[in-house]
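User: I have a structure open and would like to go through it step by step. Can you help me read it?

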Amino acid sequence: MDATQGPPTLTTEESPATASAPDPAKGHQTIVVLDFGSQFSMLIARRVRELNTYCEFLPFDASPDRLLGQDVKGIILSGGPNSVYEEGAPLAPEWVWESGLPVLGICYGMQLMAHQLGGVVGPGREREYGPATVWSDGNFPLFEGLPPDIDVWMSHGDRLEKLPPGFAAAAHSDNSPIAVMADRSRGYYGLQFHPEVAHTPRGKEVLANFVHRVCGADGSWNAGNFIEEAVEAIRAQVGDGRVICGLSGGVDSAVAAAIVHRAIGDQLTCIFVDNGLLRAGEAEEVVETFTRNMQMNLVHVEAEDEFLAALAEVTNPETKRIRIGNTFVRLFEREARSITDARFLCQGTLYPDVIESASHGKGAAKIKTHHNVGGLPPDMKFGLVEPLRYLFKDEVRRIGEALGLPEEMVWRHPFPGPGLAIRVLGEVTKEKLDILRGADLIVMDEIRKAGLYRDIWQSFAVLTNSQTVGVMGDFRTYGYAVAIRAVVADDAMTADWARLPHELLARMSNRIVNEVHGVNRVVYDITPKPPGTIEWE
Ligand code: XMP
């Protein structure tokens, strides 16, 4: 179960797919990250973007043609699981060394740099994994503004035994005599540690020194100019055509719609299929925000009955997903067909989705969608408008704020496409959904009041399928047990249960049992992912 599951993916005409996003090839200074497979690779690209510098993330063997016309200022070689001296280990392509650009190698990237440029890498006596301290030995631009010793995160088995010609050792740690190497004249640097992870507290400054001082990027990529360029690109792509956009209530589709609306106003029609499986007040908020505040054309399809009918007597979680997906597609298609001459479909596809589909060799036109706007019949051919396809989630949030979307919407926790149907265990009924909404509202309210909303990845209530005996006043009760789930995570691949203060849990439990009719017991889920998943179904 993951965010990619849900309705089938959408296939559309390929050519217009990228035109609506501002073209980073158009004069933006770019840092290229070549991915050698480390679990942190994509984080490097995010960190570079946080330095207001456009960053392109490519597989290590990407053709340099991908960068034609771009103002590339430097290259970063990521970490990876291989050993450079092993048969078949991935190498940096020759164009990297021929480009004359500064290069930063991180972990495996550093070993590659050493190996390919005439140094020697061998197995270390001990694996170095976890926190370490590096002492810098010289005055290099990469360490400017930093103390001589910094705390870092190491994760490597191999180590550098002999420097390649032209390089000097720039820092050491207890286990790595050469923890940083530098060839100042060519702008080549190798780091044995990972500057991109939070466990290297000053890593961002090291990366900033590479991006700004070594590569000379001026840090001019920001939300404001992104919006202007996106608006221009959307107008150029769409002309006087009509665009439709499915709103889910989530951040990505909301920001995508807002930016398209800024570009073409009334040529955009949004379709909001209200499946009756949303949280308390969310459907009203979507309608209020987009019609009243933003004055958008919005088709509000109130389809609770259809979804509940499709879910009647279904208890299997996968069947629930399929039924919800199919019902959604049928209704969306019906509405889309009624909008005459709609030629474009706006989607909130983000950069990680694009990278994922490219690196899995699926090709750019097959888009993984989190918005449940998928699986439309083949005769419905749309050009895709995807203004966010070069952005990460945190950038999308900043742009949403800059476009004036309400804070609650921009910072909203992720919410699954099948909605509360996978948080009501067993059969989904209107009565159970209402009980869950009542409990969930209290969880959200207390999390917000405690000031923890932004520290938590997701928090919600689950209505278990168990009824338990309780006592209230002098009476016996027999009601549902509600579970509270709150997790912290950097992404949804792994997660840990949030260590919520006991007083907060006590308040939630007390309020739920007192205020939500039909519930007489509250439990807190203390399962990390893995082995649990975030959602219960
Ligand atoms: P799990 O439960 O797999 O969830 O740990 C990981 C993330 O994905 C969300 N999720 C879904 N999102 N359709 C979606 O659009 C789905 O079917 C679905 N299932 C889970 C979940 O909320 C979490 O953020």
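**Surface and overall build**

Analyst: The protein chain exposes about 22500 Å², and carbon and sulfur atoms supply 50% of that area. Keep in mind that this is a predicted model.

User: What share of the residues counts as buried?

Analyst: Of the 537 residues of the protein chain, 56% count as buried.

User: And what size of box do the C-alpha atoms fill?

Analyst: Taken along the principal axes, the box is roughly 80 × 60 × 40 Å. The radius of gyration is 26 Å. A compact globule with 537 residues would have a value near 24 Å, so the chain agrees with that expectation.

User: How many helices and strands are there?

Analyst: The protein chain has 14 helices and 20 strands. Among contacts between residues at least 6 apart in sequence, 77% join residues at least 24 apart.

User: Which domains does the assignment give?

Analyst: Domain 1 covers 3-18 + 222-410, domain 2 covers 27-214, and domain 3 covers 423-524. Between the C-alpha centres of domain 2 and domain 3 there are 45 Å.

User: Let's go to the open sheet. In what order do the five strands come?

Analyst: The order is β13-β12-β11-β14-β16, with parallel pairing. At the edges are β13 (297-302) and β16 (383-385), each of which pairs on one side only. On average, neighbouring strands of this sheet are turned by 30 degrees against each other, direction ignored.

User: What holds strands together in a sheet, in general?

Analyst: Strands of a sheet pair through backbone hydrogen bonds, either parallel or antiparallel.

User: Take β11 and β14. Over how many bridges do they pair?

Analyst: Strand β11 (residues 242-247) and strand β14 (residues 342-346) pair over four bridges, in the parallel sense.

User: Which strands does helix α5 lie across?

Analyst: Helix α5 (residues 223-238) lies across β11, β14 and β16, and runs at about 165 degrees to β16. Helix α7 (residues 282-293) also packs on the sheet, where it touches β11, β12 (268-274) and β13. The direction of α7 makes about 170 degrees with that of β12.

User: Now single residues. Where is A280?

Analyst: A280 sits in the loop between β12 and α7. Leaving out residues up to four places away in sequence, A280 touches R437 and L441.

User: Why does A280 count as partly exposed?

Analyst: Its relative accessible area is 34%. Buried means under 20% and exposed means over 50%, so a value in between is called partly exposed.

User: How far is A280 from P90?

Analyst: Their C-alpha atoms are separated by 51 Å, and the two residues are 190 apart along the chain.

User: Next one, E196. Is that buried or exposed?

Analyst: E196 counts as buried, because its relative accessibility is 0%. The residue lies in the loop between β10 (188-191) and α4 (203-214).

User: Which residues is E196 in contact with?

Analyst: Apart from neighbours within four places in sequence, E196 is in contact with F40, L43, I44, R47, I106 and L207.

User: What about E313, buried or exposed?

Analyst: E313 is exposed, with a relative accessible area of 69%. Phi of E313 is also positive, near 65 degrees. The loop that holds E313 runs between α8 (304-311) and α9 (317-338).

User: And the peptide bonds? Which residue is joined to K529 by a cis bond?

Analyst: That is P530, and omega of this bond is about -15 degrees. Another cis peptide bond joins P530 and P531, with omega of about 10 degrees. P530 lies in the segment after β20 (519-524), and P531 is in the segment after β20 too.

Methods
Residues are numbered from 1 along each chain as its sequence is written. This is a predicted model: local features need pLDDT of at least 70, side-chain atom pairs count only at pLDDT 80 or more; totals for chains, interfaces and linings use all residues. Side-chain values use heavy atoms; hydrogens and water are left out. Two strands pair if DSSP finds at least two bridges between them. Helices (H or I, at least four residues) and strands (E, at least two) are DSSP runs, numbered from the N terminus. Axes are lines fitted to C-alpha atoms, for helices over the stretch in contact, and angles run from 0 to 180 degrees between N-to-C directions. Contact means heavy atoms within 4.5 Å. Buried means under 20% relative accessible area, exposed over 50%, partly exposed in between (1.4 Å probe, protein chains only). Domain bounds come from an automatic or database domain assignment. The radius of gyration is taken over C-alpha atoms; the globule rule is 2.2 Å times the number of residues to the power 0.38. Accessible areas come from the Shrake-Rupley method with a 1.4 Å probe; for residues, only the protein chains shown count as cover.
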